[in-house]
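Q: I would like to learn how to read a structure, one feature after another. Could you take me through this one, starting from a single residue and moving out to the whole chain?

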Amino acid sequence: MLGGLTVPHDDRVLVDFRTSDDAGVYRLDERRALVQTVDFFTPVVDDPVAYGRIAAANALSDVYAMGGRPLTALAIAGFPGDGDRDVLSAIFRGGLLALAEAGVALLGGHTVQDQEIKFGYAVTGEVEPDRVWSNAGARPGDVLVLTKPLGTGVIATAIKYGRAPQDVADAAIGSMSALNRAAAAALGALPRDAVHACTDVTGFGLVGHGTEVAKASSCTLAIDVLAVPLLSGALELVEKNTPGGGRRQASTRDACS
């Protein structure tokens with residue numbers, strides 16, 4: 001969509017949309033840079049508190065994936081004008097639980113009337129300019145590390161249609177609600193040149209996000225599918241519950257082998 005537009009150049013922009021990164025990075029000075037992202041989506045689970053928490057964790061993950069520390073958030077919501085306000089309140093409550101766990105301050109936000117519920121956050125964080133993790137830094141010989149098991153998209157689709165066993169649904173909700181703060185802290189404790197590239201695996205799945213890393217880094221990702229960790233029950237649900245993002249990414253499979 002931006003292909004025909006002229007985007008102003010700024011030397012202080014360290015990372016922007018060109019590498020399909022999780023967030024943008026803007027240098028303030030030699031020691032500080034801002035990390036900014038916005039992320040919102042329609043409900044992926046029935047429980048409004050869980051949905052709010054998942055939406056917040058997903059937005060915060062963009063900052064963690066860049067090597068940053070999230071600081072503040074602005075809520076974004078679309079909600080039917082005649083909708084149940086208790087449901088909206090519960091969604092916000094779930095989001096606040098995740099923000100509080102992350103130590104992030106809610107500054108405000110913006111809501112609009114929409115026939116379909118949508119919720120998320122614009123998050124601002126900070127990072128050292130020489131410790132930014134981008135999609136574009138992967139090198140031949142790097143090892144791909146996954147910090148969570150995969151399968152949430154399949155299970156969320158199964159939840160939508162009432163096909164997911166309760167224990168499988170609960171495990172997926174727990175995984176989606178869990179912050180990536182501990183994983184980011186563990187990577188951040190490594191030597192400065194140890195992490196070459198990083199991304200969060202969310203709506204586009206491993207193939208989609210992996211393709212973005214491969215393209216931005218001019219590398220090929222070799223993935224041993226038998227070694228990929230999966231949520232319990234996800235494999236059994238794949239055939240009838242492949243999410244829309246998974247179907248759209250089917251044409252990109254050849255980018256990763």
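A: Let us begin with Val 195, which is buried because its relative accessible area is 15%, where buried means under 20% relative accessible area, exposed means over 50%, and partly exposed lies in between, with a 1.4 Å probe and protein chains only. Please keep in mind that this is a predicted model, in which local features need pLDDT of at least 70 and side-chain atom pairs count only at pLDDT 80 or more, while totals for chains, interfaces and linings use all residues. Residues are numbered from 1 along each chain as its sequence is written, and side-chain values use heavy atoms, with hydrogens and water left out.

Q: Where does Val 195 lie, and which residues does Val 195 touch?

A: Val 195 belongs to the loop between α5 (181-188) and α6 (205-217), where helices are DSSP runs of H or I with at least four residues, strands are DSSP runs of E with at least two, and both are numbered from the N terminus. If residues up to four places away in sequence are not counted, Val 195 touches Trp 133, Leu 187 and Leu 190, and such a contact means heavy atoms within 4.5 Å. Gly 81, by comparison, is 114 residues from Val 195 in sequence and 46 Å from it in space, C-alpha to C-alpha.

Q: How many helices and strands are in the chain, and what pattern does the chain follow?

A: The chain has 8 helices and 6 strands, and along the sequence they follow the pattern β-β-β-α-β-α-β-β-α-α-α-α-α-α.

Q: In what order do the strands stand in the sheet?

A: Two strands are said to pair if DSSP finds at least two bridges between them. Here the 6 strands form an open sheet with mixed pairing, in the order β1-β2-β3-β6-β4-β5. β1 (13-15) and β5 (105-113) stand at the edges with a single partner strand each, and therefore one side of each is left without a neighbour in the sheet. On average, neighbouring strands of this sheet are turned by 20° against each other, direction ignored, the axes being lines fitted to C-alpha atoms, for helices over the stretch in contact, with angles from 0 to 180 degrees between N-to-C directions.

Q: Which residues stand opposite each other in the paired strands?

A: We can walk through some of the pairs. β1 and β2 run antiparallel and are joined by 2 bridges, with Val 15 opposite Val 25 in β2. Strand β2 (residues 24-27) then pairs with strand β3 (residues 33-41) in the antiparallel sense over 4 bridges; these two strands form a hairpin with 5 residues between them, and Tyr 26 stands opposite Leu 34 in β3. β3 is also joined to strand β6 (residues 118-127) by 9 bridges, again antiparallel, and there Gln 36 has Thr 124 as its bridge partner in β6. Strand β4 (residues 69-79) likewise runs antiparallel to β6, with 9 bridges, and Ala 75 stands opposite Tyr 121 in β6.

Q: How should I read a nonpolar core, and which residues touch the most other members of the largest one?

A: In soluble globular proteins, nonpolar side chains tend to be buried together. A nonpolar core is a set of buried Ala, Val, Leu, Ile, Met, Phe, Trp, Tyr and Cys residues joined through side-chain atoms within 4.5 Å. The largest such core here has 43 residues, and Leu 60, Tyr 121 and Ile 155 touch the most other members. Among the elements that each supply at least two residues are α1 (48-65), α2 (85-102), α3 (152-160) and β6, and the largest share, 10 residues, comes from α1.

Q: What radius of gyration does the chain have?

A: The radius of gyration is taken over C-alpha atoms, and the globule rule is 2.2 Å times the number of residues to the power 0.38. For 257 residues a compact globule would have a value near 18 Å, and the chain agrees with its 18 Å. Of these 257 residues, 38% count as buried.
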